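Please examine the sequence and the model below, with attention to the charged side chains and their surroundings.

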Amino acid sequence: MERRVAREFRHKVNLLIDNEAEKDYLYDVLRMYHQSMNLPVLVGDLKLVINEPSRLPLFDAIRPLIPLKHQVEYDQLTPKRSRKLKEVRLDRLHPEGLGISVRGGVEFSCGLFISQLVKGGQADNVGLQVGDEIVRINGYSISSCTHEEVINLIRTKKIVSIKVRYIGMIPVKSSADEHLKWQYVDQFVSDAGEGKGSVAGLASSGGRDSKEKKVFISLIGTKGMGCSISSGPTQKPGIFISNVKPGSLSAEVGLEVGDQIVEVNGVDFSNVDHKEAVRVLKSSRTLTISVVAGAGKELFMTEEERQREACLREQERQELMHQKRLALETNKIIKEQQEKERLRKLEISQKAAEEEERYRREIEQITAEEEKFKKEWEEDWGPKEPPKPLKTVTAEVHPAPHSKHKLDVKGVAHDQLETDDMDEVIMKQDKQGFQKYLEDFDPYSMFTPEQIMGKDVRLLRIKKEGSLDLAVEGGIDSPIGKIVVSAIYEGGAADKHGGIVKGDEILAVNGKILIDSRLAEAQTTLAKAWNMGGDWIDLVIAASPPKEYDDEMTFF
């Protein structure tokens, strides 16, 4: 669940933020929050990177990453963008006006937003809010309208129908060349008064420096602008606003003492005198005024205000210097951390390379030793073929036939075998090269006297039931020179039969002689005889005392 939430959050970040530095900042802010758990600081930091309406969905994407105990407070601190449209109706001819100020327009690459409300006015009473985006007026979409076209559209009807949706941000642009910025409603400073309102719009907002801005004022239903103008001195000519009445239209649209009027309704004010300026301002009930904010502010300051202004400038300078020092220190710390991280990664990679090289050398050494051992083994014993698995069987004891040749080995007399079930010997060759024994078969007849001289030859018939559990070793090419039984395992068919023990030589299997066979050939013969049809396997052995050998053992 947590991985899915984190994956969706990263996808949303990549979709809405292109700048990698802003992405890193956002992740760092979240990491610091999970260390400090300071939610107000987190929201304040988030607003620095979620700084335009298109990024507001990030607040919803971050919410699942906030602990449950903080989510209610998080909802209260973050702006809530509504997808629903709200429609209100305002009386344009109301004595107190519409009671709103708007800013924006297609010429500023943004929509039209309510920037100010008159408390207790029409707009305030019907539930409009600062930060509402106006999407329709009188049924018409205004997405492609300039600011002035919107004002003209409002004037077309007595009852104005407005559809809005809440965004919670206000567009800010100090000049035509400046990049459009946004401010949250709780960070936006409004000078709206509580007096009469009008349909007025601030096209751009200036700061302490001299910035040009344009305001729109409708004097319909009002008693005047609520401001005074004065001509500048010889060293600073022009028309300046010398006084602004609190709560007036001029205050509502953001005009301030010291603003220089540069144009009114297309009339250039750079070379007009005071009388002509007054005439132009009173010539129309709808005014489009361009001003340079604060251009002549020092002309109307008292000595106390001048001192305060100088003090503020010094404080700003000190603050900027402090921020610069912090930035330099922070950059230094970041670079040191980056260098440490680089060295750490370099050390890890070097150790990994050394470990890999050591491992490679060990593998090469082991491989070389295995090849050497294999070569020596092949030289001593030759290639070995693994035997095929044999069927598990049980066995039944059948006494060997009475021997026609009574032989002694080193003076030891061998007992004669009983021949209750065998009379004469007739041998036949089958398709696999094995011989089948008929009744009264004498195993001595299969070999030359030289092959069996001094050996006690016996015929064993073992029933194919259970597991044989017999191991052999040796071969004609081994030091032993013959195929011998190296082990009989308890519970197997050979063990239950009882007629064969460790050390016995296997002379033939189902009639196939193994005296001159190699170990692999003998193993194959045993496997083939064991797996072919029939219920019995016939072994001809030469009984001898068991001996210990070091040759390879194969189990069946």
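This is a predicted model: local features need pLDDT of at least 70, side-chain atom pairs count only at pLDDT 80 or more; totals for chains, interfaces and linings use all residues.

Leaving aside residues up to four places away in sequence, lysine 23 touches Val13, Asn14, Ile17 and Asp18. Lysine 23 also forms a salt bridge with glutamate 20, in which the closest N and O atoms are 3.3 Å apart. The two partners are three residues apart in helix α2, so about one helical turn separates lysine 23 from glutamate 20.

A further pair is found in helix α9, which covers residues 274-282. Here the side chains of arginine 279 and glutamate 276 meet in a salt bridge, at 2.6 Å from N to O. Arginine 279 and glutamate 276 are three residues apart and therefore separated by about one helical turn. Arginine 279 is partly exposed, with a relative accessible area of 49%, and glutamate 276 is partly exposed at 28%.

Helix α10, residues 303-381, contains glutamate 339 and arginine 342, three residues apart and thus about one helical turn from each other. Their side chains meet in a salt bridge of 2.6 Å, N to O. Glutamate 339 is partly exposed at 36% relative accessible area, and arginine 342 is partly exposed at 45%. Elsewhere, salt bridges with shared partners join Glu357, Arg360, Arg361 and Glu364 into one network.

For the model, the count comes to 24 salt bridges.

How values were computed
Residues are numbered from 1 along each chain as its sequence is written. Side-chain values use heavy atoms; hydrogens and water are left out. Contact means heavy atoms within 4.5 Å. A salt bridge is a side-chain nitrogen of Lys or Arg within 4 Å of a carboxyl oxygen of Asp or Glu. Helices (H or I, at least four residues) and strands (E, at least two) are DSSP runs, numbered from the N terminus. Buried means under 20% relative accessible area, exposed over 50%, partly exposed in between (1.4 Å probe, protein chains only).
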